[in-house]
Amino acid sequence: MNQAKPVVAILGGTGKEGPGLALRWAKAGYPILIGSRQAEKAQATAQEINQTLGLQTVQGYENTQAARQAEICVLTVVQTAHQEALIGLKEALQGKILVDATARVDFRDPKPPAPPTAARIAQDLLGEGVRVVAAFQNVPAAALRKLDQPLHSHVLVCADDLAAAQAVIQLAHDGGMNAYYAGGLDNAIVVEGLTALLISLNKHYKTKTASICVAGLPEA
Ligand SMILES: NC(=O)c1ccc[n+]([C@@H]2O[C@H](COP(=O)([O-])OP(=O)(O)OC[C@H]3O[C@@H](n4cnc5c(N)ncnc54)[C@H](OP(=O)(O)O)[C@@H]3O)[C@@H](O)[C@H]2O)c1
């Protein structure tokens, strides 16, 4: 049976990571809403994505407006604005899945962050009416934007709610990524820390697309 794809809002979707994810999912047929603090900025990013893909399906809204209309919301605000953004979005996110892509790593001095994970902070702040899933922290924006190339990036999905994790694994697959359930929300501290390694690798080898691939698992 051909099931309708859920509406996905990308909150803070005007930067580097958000538009990359939006490109992949819009190309796969998802209705995508770009969110921003300014509706005009979101609309401009949505228009760029539509032009790149030859579509009209991507729309732009102020963050809370985008969140209210979506079933799955993906948070890609700059890491320093993580908590501030969540406080403003708390009401609009109730009843949704929130995918937290935040890796609290400083590009200039990449080090693994201390617990709790960004996703645990989000879950505590948003309450049990929101199902938080940690994912995509290791998927480089530069690779997402290369639509003509396959993504060599596996997504480690951490969540306390297995059904929510499964919905995000499906989203990752549809975007061209292998994705695996990697345990509860607190495990995401390792995933955030891996971003520090990836940034260090990128700096040393002068690349932008260092990624994580997991060996020894069935093709997912
Ligand atoms: N870049 C990567 O390769 C990559 C890879 C994996 C994960 N991530 C994670 O994805 C997230 C976004 O990274 P990025 O590189 O895309 O960041 P970015 O380009 O620096 O910023 C993303 C967006 O954050 C919004 N923002 C800035 N200040 C804000 C504030 N005070 N309150 C609310 N929103 C604010 C801005 O949107 P508006 O001005 O439109 O509101 C901006 O376009 C981070 O948590 C990062 O760890 C990034």
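This is a predicted model: local features need pLDDT of at least 70, side-chain atom pairs count only at pLDDT 80 or more; totals for chains, interfaces and linings use all residues.
Pockets and cavities were found on a 1 Å grid over the protein atoms alone: a cavity is a set of points where a 1.4 Å probe fits but cannot get out, whereas a pocket is an open set with protein on both sides within 12 Å along at least five of seven lines, and lining residues have an atom within 4 Å of a point. As for the ground rules, local features need pLDDT of at least 70 and side-chain atom pairs count only at pLDDT 80 or more, while totals for chains, interfaces and linings use all residues. Residues are numbered from 1 along each chain as its sequence is written, and side-chain values use heavy atoms, with hydrogens and water left out.

Around the ligand there are 22 residues, the closest being T14, E17, S36, R37 and K41; a residue is taken as near if one of its heavy atoms lies within 4 Å. Three of these put a polar side-chain atom by a ligand oxygen, at 2.5 Å for S36, 2.6 Å for K41 and 2.8 Å for R37. A polar contact here is a pair of N or O atoms within 3.5 Å; within protein, one must be able to donate a hydrogen and the other to accept it, and residues adjacent in sequence count only if both atoms are side-chain atoms. The protein buries 82% of the 890 Å² that the ligand exposes when taken alone (Shrake-Rupley areas with a 1.4 Å probe; for residues, only the protein chains shown count as cover). Sorted by class, the shell holds nine nonpolar, eight polar and five charged residues, with Ala, Val, Leu, Ile, Met, Phe, Trp, Tyr, Cys and Pro counted as nonpolar, Asp, Glu, Lys and Arg as charged, and the others, Gly among them, as polar.

The largest pocket itself has a volume of about 1,400 Å³, a volume being the space filled by probe spheres set on grid points joined across faces, edges and corners. Its lining runs to 45 residues, with K16, E17, V77, V78 and Q79 nearest the centre. Two or more lining residues come from each of α4 (82–93), α6 (141–144) and α8 (188–205), and α8 gives the most, with five. Elements are DSSP runs numbered from the N terminus, with helices (H or I) of at least four residues and strands (E) of at least two. The lining splits into 18 nonpolar, 16 polar and 11 charged residues.

Next comes the second largest pocket, at about 180 Å³. Its lining includes Q3, A4, K5, P6 and Y30, and helix α7 (residues 162–174) contributes the largest share, four residues. By class, this lining has six nonpolar, two polar and three charged residues.

The structure also holds one cavity of 30 Å³ or more, and the largest cavity has about 30 Å³ of space. D100, T102, T117, A118, A119, A134, Q137, A188 and E192 line it, with at least two residues each from α5 (118–126) and α8. Four of the lining residues are nonpolar, three polar and two charged.

Most residues other than glycine have a negative phi, and most peptide bonds are trans. P115 and P116, however, are joined by a cis peptide bond, with omega at about 0°; P116 lies in the loop between β5 (97–100) and α5. F136, not a glycine, has a positive phi of about 75° and is found in the loop between β6 (131–134) and α6.
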